[in-house]
Amino acid sequence: MGSREEIFEKLRRNTREVHEYPDLSPLEREALVHEDKIAAFAESLRAAGGKAVSAPEGEEDVRAFIARTIHEEYPEAHTVVSATGELPGVPAAAPETFASPSDLDGTDVAVVRGRLGVAENGAVWIDECGRHRALLFIAEALVIVLDRNAVVDNMHQAYAALEEAEAPSFGTFISGPSKTADIEQALVFGAHGARSIVVVLV
């Protein structure tokens with residue numbers, strides 16, 4: 001038995017009173033819903049410091065649109081790492097070509113795929129980032145590719161969808177660039193992660 005299991009076993013043995021899991025159905029019934037989930041998602045993401053761009057309806061070459069977005073949003077980017085495959089006109093490396101997470105230091109733009117988005121707070125669940133999870137946090141900017149049909153209204157729906165899906169063991173919600181307001185009550189972006197985030201809705 002490992003140390004984690006030993007700790008849980010001690011907690012079980014010394015728990016004197018067991019409480020049932022609370023009924024969350026009233027909260028779920030009153031949770032936010034939106035007439036236009038995409039517009040609500042874009043607004044929530046903007047409020048969090050990020051940006052959403054939508055591929056035009058009927059756009060056949062999605063990869064070309066993603067590449068154009070990278071050129072437009074980050075024209076001075078030199079190092080691009082893509083966990084979504086090759087992008088036309090963008091000299092991007094794959095995460096698998098880096099031996100260790102520290103080798104990703106200096107990445108200007110990381111391109112990853114989101115599993116679902118949440119309209120109420122602009123968050124995107126990401127559980128696919130290639131070989132190194134550090135890619136999500138070490139890059140100066142994140143470009144997240146998200147299926148517009150995978151946007152849900154609220155976090156209740158998001159967790160329900162993740163529970164049903166066969167998701168990998170690792171995943172994280174990201175909503176806008178990293179930020180902190182701990183220092184002199186001033187909001188600082190890029191404190192411990194990406195300084196900029198663009199979500200490409202396809």
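Q: I clicked on E73. How exposed is that residue?
A: E73 is partly exposed, with a relative accessible area of 26%. Here buried means under 20% relative accessible area, exposed means over 50%, and partly exposed is in between, with a 1.4 Å probe and protein chains only.

Q: What should I know about the model before I go on?
A: It is a predicted model, where local features need pLDDT of at least 70 and side-chain atom pairs count only at pLDDT 80 or more, while totals for chains, interfaces and linings use all residues. Residues are numbered from 1 along each chain as its sequence is written, and side-chain values use heavy atoms, leaving out hydrogens and water.

Q: Back to E73, then. Which residue does E73 form a salt bridge with?
A: E73 pairs with K51, and their closest N and O atoms are 2.6 Å apart.

Q: What counts as a salt bridge, and how are helices and strands assigned?
A: A salt bridge needs a side-chain nitrogen of Lys or Arg within 4 Å of a carboxyl oxygen of Asp or Glu. Helices (H or I, at least four residues) and strands (E, at least two) are DSSP runs, numbered from the N terminus. As for the general idea, side chains of opposite charge can pair when their charged atoms come close.

Q: How many salt bridges are there?
A: The count is 5. One of them joins R115 and D127, at 2.7 Å from N to O. R115 is in the loop between β4 (109-113) and β5 (116-118), while D127 is in the loop between β6 (123-126) and α5 (135-138), 12 residues apart.

Q: And is D127 buried or exposed?
A: D127 is buried, with a relative accessible area of 8%, whereas R115 is partly exposed at 30%.

Q: What does E140 form a salt bridge with?
A: With R195, the closest N and O atoms being 2.7 Å apart. That pair links parts 55 residues apart: E140 sits in the loop between α5 and β7 (141-146), R195 in the loop between β11 (188-189) and β12 (196-201). R195 is exposed at 52%, and E140 is partly exposed at 37%.

Q: New topic: what order do the strands of the open sheet have?
A: The 6 strands run β1-β12-β7-β4-β2-β3, with parallel pairing. β1 and β3 (92-93) are at the edges with a single partner strand each, so one side of each has no neighbour in the sheet. Two strands pair if DSSP finds at least two bridges between them.

Q: How many bridges do β4 and β7 share?
A: They pair over 5 bridges, and V112 stands opposite I144 in β7.

Q: What do the buried residues of α4 pack against?
A: They pack against β1, β4, β7 and β12, where contact means heavy atoms within 4.5 Å. Among the buried residues of α4 are F65, I66 and I70.

Q: Last one: what does the whole chain look like?
A: It has 6 helices and 12 strands, and 37% of its 202 residues count as buried. Its C-alpha atoms fill a box of roughly 60 × 45 × 40 Å along the principal axes.
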